[in-house]
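Subject: Structure handover

Hello,

Here is the structure you are taking over. Please open it and keep it in view while you read the notes below.

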Amino acid sequence: MGLVSRLFTLVAILVAVFAVIFTVDIFKPYRQKIIDVIPDSIRNSVISISDVKRMKSGKVYTKEELSKYKGENGSPVYLAVLGHVFDVTKGKKHYGPGGGYEFFAGRDGTRGYVTGEFNDKGLIEDISGFTLSQIHSVNHWLQFYMKDYTFKGYLLGNYFDVHGNPSEAKLEFDRKLVFANKAEDEKKADIVMFPPCNSQFKAGQGKTLWCSNFSGGIQREWVGVPRQYFRPGETHARCACVKNIGPPSDQPDTKNHKNNGDLDNPGMKLYEGCDPNVDSCYFPE
């Protein structure tokens, strides 16, 4: 068995253990203490995987049953995300007949939440081929409905069986979500280390990129200089404000440095036609 397979197996075991802890009454007095010591990247996945105790008694709906809840003729409005059925009747003006999101009603359109394909091809439950970033987005929507609307049960299909037990597709999603959350945490840390540039475009004039000590919404003591940042694993560069004084960000305590911050980072590239020492670059049309 390869390393990746072993990791997935380990994650699956941990998920099963935590799910029991969150749903069996005997562990109730200890849950909060256990939650507090779980890393954020795992905690969010575990809590969503266990579905919390309130979800244990949910009904299992067939697709035909769910299709009847579209708010027509005074009926409630239900929808499903990742096989979890929610009553969204309080948002009927959005999800009911004539609403801007009526296409989500009466079905599981999980794929469409992420792809933006609001048609029969995109409004399906299958999310095979999704990247970790897309997996994270699916979980974002699931948590949104759990928080703001009423959970009703499960949908018989891709993610749950007739008894409401998770299918292999659901368990695979749960395993990937652990890694998706970890990747998202790493991305947030990367934004803090290399904050996005400010950007302004004026038709007929051109584009300006510049840095400040709050560009990208990241408050800091330094300003930095604009660079094209090619982050490992990503296909497109973004403009990043790069620290140009002091030690490298990943070695803040080192005494042996060039006092040029992160300018030697191999992922950084100068903008053509821009002075490498200024905090603003202008590109005329």
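One definition is needed first: angles under 35 degrees count as roughly parallel, over 145 as roughly antiparallel, 65 to 115 as roughly perpendicular and the rest as oblique. The angles themselves run from 0 to 180 degrees between N-to-C directions, and the axes are lines fitted to C-alpha atoms, for helices over the stretch in contact.

This is a predicted model, in which local features need pLDDT of at least 70 and side-chain atom pairs count only at pLDDT 80 or more, while totals for chains, interfaces and linings use all residues. Residues are numbered from 1 along each chain as its sequence is written, and side-chain values use heavy atoms, with hydrogens and water left out.

Overview

The protein has eight helices and ten strands. Helices (H or I, at least four residues) and strands (E, at least two) are DSSP runs, numbered from the N terminus. Of the 285 residues in the protein, 39% are buried. Buried means under 20% relative accessible area, exposed means over 50%, and partly exposed is in between, with a 1.4 Å probe and protein chains only. Among contacts (heavy atoms within 4.5 Å) with a separation of 6 or more, 57% are between residues 24 or more positions apart.

At what angle do α7 and α8 pack? The angle is about 105°, and the axes are 8 Å apart. By the definition above, α7 and α8 are therefore roughly perpendicular to each other. On the α7 side the contact is made by Leu132, Ile135, His136, Val138 and Asn139. On the α8 side it is made by Phe173, Lys176, Leu177, Phe179, Ala180, Asn181 and Glu184.

An α-helix has 3.6 residues a turn, so residues three or four places apart point the same way. The buried residues of α8 include Phe173, Leu177, Ala180 and Asn181.

The four-stranded sheet

An open sheet of four strands has the order β1-β4-β3-β2, with mixed pairing. Two strands pair if DSSP finds at least two bridges between them. Strands β1 (59-61) and β2 (78-81) stand at the edges with a single partner strand each, so one side of each has no neighbour in the sheet. From one strand to the next, the twist averages 40°.

Strands β3 (residues 84-87) and β4 (residues 150-155) run antiparallel and are joined by four bridges. One of the bridge partners is Tyr154 in β4, which goes with His84. Helix α7 (residues 132-148) packs on this sheet and touches β2 and β3, its direction making about 40° with that of β3.

Disulfides

A disulfide is a covalent bond between the sulfur atoms of two cysteines. Here the term is applied to a pair of cysteine sulfur atoms within 2.5 Å. How many does a search of the whole structure find? It finds three disulfides. With bonded cysteines counted along the chain, the pattern is 1-3, 2-4, 5-6.

Cys197 is joined to Cys239, with an S to S distance of 2.0 Å. This pair links distant parts of the chain, 42 residues apart: Cys197 is in the loop between α8 (168-193) and β5 (198-202), and Cys239 is in strand β8 (residues 238-242). The torsion about their S-S bond is about -75°, so the disulfide is left-handed. Both Cys197 and Cys239 are buried.

The sulfur atoms of Cys211 and Cys241 are 2.2 Å apart and form a disulfide. Cys211 lies in the loop between β6 (206-210) and β7 (225-229) and Cys241 in strand β8, so the pair ties together parts that are 30 residues apart in sequence. The torsion about the S-S bond of Cys211 and Cys241 is about -105°, so this disulfide is left-handed. Cys211 counts as buried at 5% relative accessibility, and Cys241 is buried at 0%.

Cys274 and Cys281 form a disulfide with sulfur atoms 1.8 Å apart. This link is left-handed, with -65° about the S-S bond. Cys274 counts as buried at 14% relative accessibility, and Cys281 at 1%.

Regards
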